[in-house]
Structures are given as structure tokens and as C-alpha cells.
Amino acid sequence: MLRVVKPKNARSKRAMEAREPKEIEDPRTVIFVRGTHTGEVVNGAMKDLMSLKRPHAISFSKKNVVRPFEDATSFEFWAQKNDASMFVLGQSTKKRPNGLTIARMFDGKLLDMCELGVDRFVSIDEFKTAKPPPGHKPMLHFASELFDTHPRFIQLKSLLMDLFNGEVIESIYLSGLEHVISITVAPSSEKLASVPDAQTDEPLPVVHIRGYTVKLLTSGQRVPRVELVPMGPSLDLSLRRHRPADPELWKAAMRRPKLKKQDVEKGLGKKRKNVEVDEMGDLRGRVHITKQDLTKLQTRKMKGLRGAPGEDERESEDEGEGIGAARPAKRKKKAP
Amino acid sequence: MDVSDILTSQASKHKSILVEKDIPPDIDPSFLTVTDTNAIDNESYVHERETYLQANARDGIQLLIAALFSLPTLSSPEGPLAQLPAPTTQLPRAKPLPKPKPVTKWEKFARAKGIHSQRRDRKVWDEESQTWVARWGWRGKNKTEESQWLHEVPANADTDYDPSKEARAARRAQIAKNERQRTQNLARSQQGQAVRAPIDREQELERTLATTRASTASMGKFDRMLEGEKKPRGVKRKFEPIERSVEAEKSASLALLKKLGNGHRSSKKAEQDPSGESIGDGNILNVRKAVRFASHGQGAVALAHKSGTGRNSRQKRKGKQ
């Protein structure tokens with residue numbers, strides 16, 4: 001645990017404020033960590049993933065003794081030090097060769113983790129195409145029925161979405177849609193797709209990650225025709241160990257902010273009608289009442305106005321209507 | 001004129017943008033994500049894997065592009081800017097939701113009254129220099145009054161009236177007031193947070209009650225117990241152990257003997273008194289008591305005034321102690 005520091009100058013204060021929790025979060029910073037031993041494949045895979053994640057990526061290029069499935073304290077320490085909330089750990093051991101572990105943090109604590117084994121890797125450099133500049137958002141394509149049913153693949157989808165595209169944005173340049181990351185799961189048995197809690201002994205199918213650049217061709221309509229060109233990296237991954245999120249922590253991480261005032265006014269929530277604040281700062285409400293029935297109003301009786309016995313009723317009616325017209329239908333009342 | 005031929009020939013130039021899927025894929029335009037839950041075709045996957053993956057991805061992306069291009073757009077110099085809706089996929093947050101700021105006293109009052117205060121700009125227009133200057137702080141506008149070269153002095157001002165100093169004092173007072181209010185607000189917000197535990201309050205009450213019980217002349221021995229009053233908790237008589245070391249027994253006995261030899265006087269004052277005149281050292285006269293008696297309780301100073309001599313000044317001082 002790092003000690004709580006009080007900022008000594010305005011710059012460090014600003015830097016600390018930038019790290020405080022926000023309602024709308026910044027994109028996750030990912031730290032790419034090398035484990036005790038990394039082979040050529042893992043190094044290449046991490047380098048390519050990092051090039052896709054830039055500028056929100058930090059590289060830890062020295063070797064580190066980390067075993068996140070046994071002890072996650074070093075991840076927690078680095079997360080706090082670097083204000084990072086995601087990790088990609090590359091580690092190659094005899095038991096688990098070419099392993100990539102994707103870990104996600106919440107509030108400085110480890111949320112969930114998934115270990116993937118790299119079976120096949122083709123680097124981004126081997127495809128002679130234009131590469132996306134740093135900071136460009138990729139389009140994501142997930143293809144498999146397992147992404148909807150199987151908990152391991154639901155977690156994988158969530159992790160990969162967070163890794164590549166986790167930031168909530170308001171708008172995007174349509175001309176800036178340049179590359180695609182496609183994640184496809186190999187065909188799986190019926191049993192794996194139907195059993196939701198994954199208590200089968202069947203091996204999980206391979207996951208293919210492919211990168212493509214997008215070519216938008218004219219189609220004679222507003223929507224262009226899409227063509228894809230392989231860009232790399234292309235990875236074939238197998239699912240290994242994982243750690244699901246703690247339900248309490250997950251619940252806390254999924255908490256959403258309340259609707260904003262402007263959203264409420266836009267119609268997303270309830271709006272307070274007929275209530276306003278006047279220039280004196282008093283709260284005023286407007287109450288609409290039904291039209292008053294003035295036909296039976298008793299006005300002043302005078303001897304001079306009294307006509308013949310038959311005329312009496314008609315005259316008083318006229319008078320009543322006159323008063324009614326002069327009064328406003330709407331009245332302002334002070335709200336209770 | 002039949003234009004259908006022209007239309008078909010024109011359409012054949014372009015490839016189709018239509019995509020047929022058994023289950024329509026789930027599209028989340030906010031995260032630029034499309035999830036295709038159709039089953040993967042095993043045969044084409046095995047035989048021509050890369051082509052199949054690419055074709056499948058193309059179909060999904062075509063649908064995503066169609067969804068993105070149908071969104072409302074804003075024009076901008078770099079091209080159309082699509083306005084994205086709120087995300088449908090929920091991803092976990094990296095940090096917890098920010099805690100609401102504690103309300104200041106003014107904010108609380110303003111909310112109760114429904115006052116909407118307008119935010120003051122940090123910059124104000126300076127007519128002299130025709131620029132925007134800071135309202136306060138470095139080269140702030142609030143320092144112009146004290147730094148101007150010519151000051152207006154009221155007609156009834158004192159001779160040592162310094163208008164520059166006055167203006168500065170007023171500004172400093174305002175700063176001090178702001179700081180005071182800030183600290184008070186801070187204290188108020190922290191007071192709300194740190195609610196004292198109820199068990200502490202109970203303990204405190206019990207302790208006070210126990211003290212007051214023992215504060216009568218008889219140490220509470222002859223006090224009547226009220227109805228519903230509990231016995232003080234945690235009060236235990238302490239007995240000395242029967243077997244003790246010889247040293248401890250000896251010192252305890254000696255202390256008792258010393259007390260007996262000194263009569264009943266056991267006050268700390270007597271013990272601290274370093275002079276040889278205190279009782280217990282063979283001097284039978286209790287000087288303090290004697291002075292009190294002689295001066296009718298008025299003290300040694302009054303006695304000295306009465307006698308009018310400094311003969312026994314040393315004793316007077318002693319008596320005052």
C-alpha cells in the first residue's frame with residue numbers, strides 16, 4: 001500500500017486530481033509485463049498488441065517474477081504506481097509455453113484474469129499494408145455462439161473489448177474507421193454451446209484473432225461496400241487458466257452513475273413540470289385548476305335592480321358571466 | 001423508355017452491400033463492436049480457414065458500417081462526425097464512482113432557497129489595458145486599488161490615513177474570511193463523516209456517573225440509591241496478596257509507621273516542604289495554622305500590614321505557601 005501523499009505544489013496536485021475517480025472514465029492504460037521467461041513468440045505478440053493499444057500502453061521490458069494466479073500484489077502495486085488498470089503478462093514456462101495473461105483491475109485490486117496460450121503467431125510486420133496510426137479505434141468483430149452462452153468466452157469478450165476499445169465516446173469520424181480486429185472461435189461441439197455452466201471436460205475451442213484494414217468502396221448508396229485486407233497480427237490462442245471476478249467486486253465495478261440533469265431534461269428521466277425559481281430565488285409552482293362555475297354566484301341584491309318577478313334570474317346570470325370573463329383562467333399560486 | 005437495363009448494368013458495377021445472416025448479429029455502435037452468434041461453418045473452416053475468417057469478418061463489419069453510417073451525423077472539416085448512442089454492452093469500471101463533494105454552508109442554503117448562483121469568470125475586462133486580466137491572484141484586478149499612484153482620500157480622514165494600506169487590509173480581510181469559511185466547511189463535512197460510536201457515549205456517561213457518586217463527603221457511602229439505578233460496573237475491591245516478599249512487606253510497614261509518627265498529616269504539601277520548620281521534624285507549631293488563626297483567615301500579608309513590621313518576613317512567606 002502506498003502512503004497517501006499530500007500534493008506539495010499545483011502541478012502535482014493537478015496530476016493527483018487527474019488520477020481521481022471520474023464519472024466518465026479515461027481509457028484503460030495497459031501495462032505489458034514480461035514474466036520470468038518470454039520466448040520470441042510471446043515477445044512478438046506483446047509488441048503487436050502494444051502497437052494496437054498505443055498510446056495507452058506502458059511496456060515493462062525487464063524480466064519480472066510474477067505469478068498472478070498465486071499472488072497478485074505486484075499487479076496491484078504497479079496499477080497504483082502507474083495509474084493503470086489492465087495488464088498483459090507474457091510468460092513462457094515448460095508447463096505453459098507461450099502464455100499471455102490478460103488481467104483487469106478495479107479500484108487498485110485485481111478484478112478478473114484469463115490466461116491464453118499462443119499456438120500460432122504471425123507478426124504485424126509480415127503483412128505489407130498500411131498500419132493504423134496510434135490512437136485510432138478499431139472495429140471489433142466477435143463471431144461464435146459461445147460469446148453469448150459460455151462464461152469463459154463471455155469473460156474473454158469483455159476482456160478483449162476492454163483491451164482494444166473500452167472507452168465510451170460520443171462521436172466518431174466515419175473516415176477514421178480504418179481497421180478491424182476480428183475474434184473468431186473455432187467450431188465447437190453442440191454440448192459446449194448448450195451447457196451454460198461449462199462443467200464439461202471437453203477442451204475449449206481455439207480462438208483466432210485477426211487484424212484487417214478496411215477498404216470502403218462506393219456502392220451507389222450511402223452505405224459503402226466493405227472490403228478487408230489482412231493487416232496482422234494474427235494469433236491462434238487456446239484458453240488456459242482463468243480467474244472469474246469476485247461477485248461483490250464485480251457488482252461494485254458495474255455500478256453506473258445517475259442520470260445527469262440535462263439527460264433528464266432530454267427525456268431520459270422524469271422532468272419536474274410547472275416549477276420554477278423566480279428572480280427573488282423563491283420556488284414557484286403553477287397550479288392549473290378547472291374553470292370556476294360562476295353561474296350560481298350570489299351577487300349583491302339591490303332593490304333598484306329588481307325588476308319584474310320573472311326577470312330576476314336572467315339579470316343575475318349576466319352579471320355573473322361578466323365577472324367570470326374578467327378573471328384569469330390560470331392563477332399563479334405559491335407552492336406549498 | 002426502359003431504363004431497367006441501365007440500372008442493372010450500373011448496379012452490377014458495384015458489389016452488393018447486403019449481408020444475409022440466420023441470426024441478425026448484435027451491434028453495439030458505441031464500442032464499434034459487432035457480435036455474430038451464428039454457428040461457424042465447420043467445413044469451410046477446416047479447408048480454407050483464412051479466407052473463411054476474412055469473409056465472415058467482412059460480413060459482420062459490413063453490417064456494423066451500415067449501422068454506423070445510418071447514425072445522425074454532424075459535419076466537420078475532417079468529414080462527417082457520427083453521433084454515437086449510449087453503449088448497450090456494460091463493461092466494468094476501472095475505478096469506483098466519484099464520491100459527491102461535501103456541500104458547503106452556502107450551497108446548502110442556496111439549495112434550500114432555490115438560488116442558482118452564476119459562475120463568475122476568472123478573468124475580467126480591463127478598460128485601461130484593453131485586455132482580459134485575472135480577477136484575483138497574480139496581476140489580479142483586485143490589487144489595482146492599492147497599487148495605483150494616486151489615491152482619493154476622504155475629507156474627514158485622519159492625518160495618518162493611508163488609503164493604500166486600507167485597501168490592502170480590506171483585501172487581506174476578505175482572504176482571511178474566505179479561508180475561515182473554507183476551514184469551517186471542511187470541519188463541518190468531516191464532522192458529518194465521523195459519527196461517534198454510541199458505545200463510547202454510553203461509557204462516558206457511566207464514567208461520569210461513577211465520579212459523581214464518589215464526590216460526596218462520605219465518598220458516596222451514605223447516598224441513597226435511586227430507583228432503577230444500577231450498581232457501578234467494574235468496581236472491585238482489591239486485596240493484597242497474603243504472601244509477599246520481605247522487602248515489600250518491610251517498605252509497607254515502614255510507610256505506615258512514618259505516617260503514624262507524623263500524626264494525621266499526610267498532605268503532599270507537608271512532604272514537599274523542604275524547610276526544617278514543618279511539623280514532624282520536632283517543631284510542634286503548625287505555622288500555617290497559626291498564621292491563619294492570627295489573621296482571622298486573611299493570610300500572612302494582612303497580618304504583616306497589621307503588625308507593620310518586617311520582623312517575621314520569612315515566616316510570612318512560609319505562611320503564604
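**Strands and a helix**

Analyst: In chain A, strand β1 (residues 30-34) and strand β2 (residues 57-63) run parallel and are joined by five bridges; strands here are DSSP E runs of at least two residues, helices are H or I runs of at least four, and both are numbered from the N terminus, while two strands pair if DSSP finds at least two bridges between them. This is a predicted model, in which local features need pLDDT of at least 70 and side-chain atom pairs count only at pLDDT 80 or more, whereas totals for chains, interfaces and linings use all residues. Residues are numbered from 1 along each chain as its sequence is written, with chains lettered from A and ligands numbered from 1 in the order in which they are written.

User: Which residue of β2(A) is the bridge partner of I31(A)?

Analyst: The partner of I31(A) in β2(A) is I58(A).

User: OK, new topic: which strands form the open sheet, and in what order?

Analyst: The order is β7(A)-β4(B)-β3(B), with antiparallel pairing. The edge strands, each pairing on one side only, are β7 (171-173) of chain A and β3 (73-74) of chain B.

User: And how many bridges join β3(B) to β4(B)?

Analyst: Two bridges join β3(B) to β4 (residues 81-83) of chain B, and T73(B) has A82(B) as its bridge partner in β4(B).

User: What about α5(A), how many of its residues are buried?

Analyst: In α5(A), 11 of the 15 residues are buried, among them F153(A), L156(A) and F164(A); buried means that 20 or more other C-beta atoms, placed from the backbone, lie within 10 Å of the residue's own.

Technical notes. Buried ≥ 20, exposed ≤ 12 C-beta atoms within 10 Å, placed from the backbone.
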